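Dear colleague,

I am passing on the structure we spoke about, together with some notes on what turned up in it. Please have the model open beside you as you read.

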Amino acid sequence: MIKELIDKFYDAKQEKREKIAFYVSDAGKCPRAIWFSVKGYPKKEFDARMQRVFEHGNHTHMRIMGVLFSLGLINAVEIDIPRNEMMHGRADAIISINNEPYVVEVKSVNSIKFKKEYPDQDHMNQLQLYLYFFKIKKGILLYENKDTQELKEFIIDYDEPLVKKLFAGFNELKRQVEENITPQIPEGIEDWRCDYCPYLEECDKIEAQENEQAKK
Ligand code: SF4
């Protein structure tokens, strides 16, 4: 009964990897960096320190999920979004409070981000896409300050115009991948994105080539 469906699910996942597909976590990232990733450009490996930062984030997730389980709030954890042509993604959790479902995304953030009165736009974008794919109207961005372990939450309503804008961006990027057009560097891109970008070297090479061509 369900065995065939489960097998098909895995087969489809395999097929999708061979097509152009983005990740929910790409929402808000530099389109040029996503383009490099989809095109399979060589990427700089993260150093040991950065890997420890990611590990720390994973531990935070596990710890908080454990507590939500103990509280009996969890409906599902680490849930893949429904199959679709455009992207892959896995939400941290879906919980129920007073019979109302919420998508929960847990983020381990530094003190500077934690002190802000509003959530990070990249996190907001991701959550909105999960709300869209799971057809859930509300989400929670739960921040843990990695320096102090304080918690803070933002209750977020589904924002259809934002989701449409995100899809428009992904559609444009899909066209650029298909037509092999390197996206322009976004105006006003924050320095930290380039400082931590695994494709910085490739990006610089393309800029240098474009500058050379402009001189001719
Ligand atoms: S180096 Fe900066 S502009 Fe270039 S791909 Fe990376 S994030 Fe984008």
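A helix, as the word is used here, is a DSSP run of type H or I with at least four residues, and helices are numbered from the N terminus. Please keep in mind throughout that this is a predicted model. In that sense the protein has eight helices and seven strands, and its C-alpha atoms fill a box of roughly 65 × 50 × 35 Å along the principal axes. Of the 216 residues, 19% are buried, and among contacts between residues at least 6 apart in sequence, 67% join residues at least 24 apart.

Let me begin with His-61, which is found in helix α3, covering residues 48–70. Is this residue buried, exposed or partly exposed? A residue counts as buried with 20 or more other C-beta atoms within 10 Å of its own and as exposed with 12 or fewer; His-61 has 19, so it is partly exposed. Leaving out residues up to four places away in sequence, His-61 touches Asp-92 and Val-106. His-61 and Glu-144 are separated by 83 residues in sequence, while their C-alpha atoms are 9.6 Å apart in space.

The largest nonpolar core has 28 residues, and the members that touch the most others are Val-103, Val-104, Leu-127, Leu-129 and Tyr-130. At least two core residues come from each of α2 (31–38), β4 (90–97), β5 (100–109), α5 (121–134), β6 (138–145) and α6 (160–178), with α5 giving the largest share, seven residues. If you select Val-103 and set aside its neighbours within four places in sequence, you will find it in contact with Ala-91, Ile-94, Leu-127, Tyr-130, Leu-131, Phe-134, Ile-136 and Gly-139.

After α6 comes Asn-180, which has a positive phi near 55°.

Finally, there is a ligand, and the residues surrounding it are Cys-30, Arg-32, Ala-33, Ile-185, Ile-189, Arg-193, Cys-194, Cys-197, Tyr-199, Leu-200 and Cys-203. Two or more of these shell residues come from each of α2, α7 (191–195) and α8 (200–215). Sorted by class, the shell holds nine nonpolar residues and two charged ones, with no polar residue.

With best wishes

Conventions:
Residues numbered from 1 in each chain as written. Predicted model: local features only at pLDDT ≥ 70, side-chain atom pairs only at ≥ 80, totals over all residues. Core = buried A, V, L, I, M, F, W, Y, C linked by C-beta atoms within 7 Å. Contact = placed C-beta atoms within 7 Å. Near = placed C-beta within 6 Å. Nonpolar A, V, L, I, M, F, W, Y, C, P; charged D, E, K, R; others polar.
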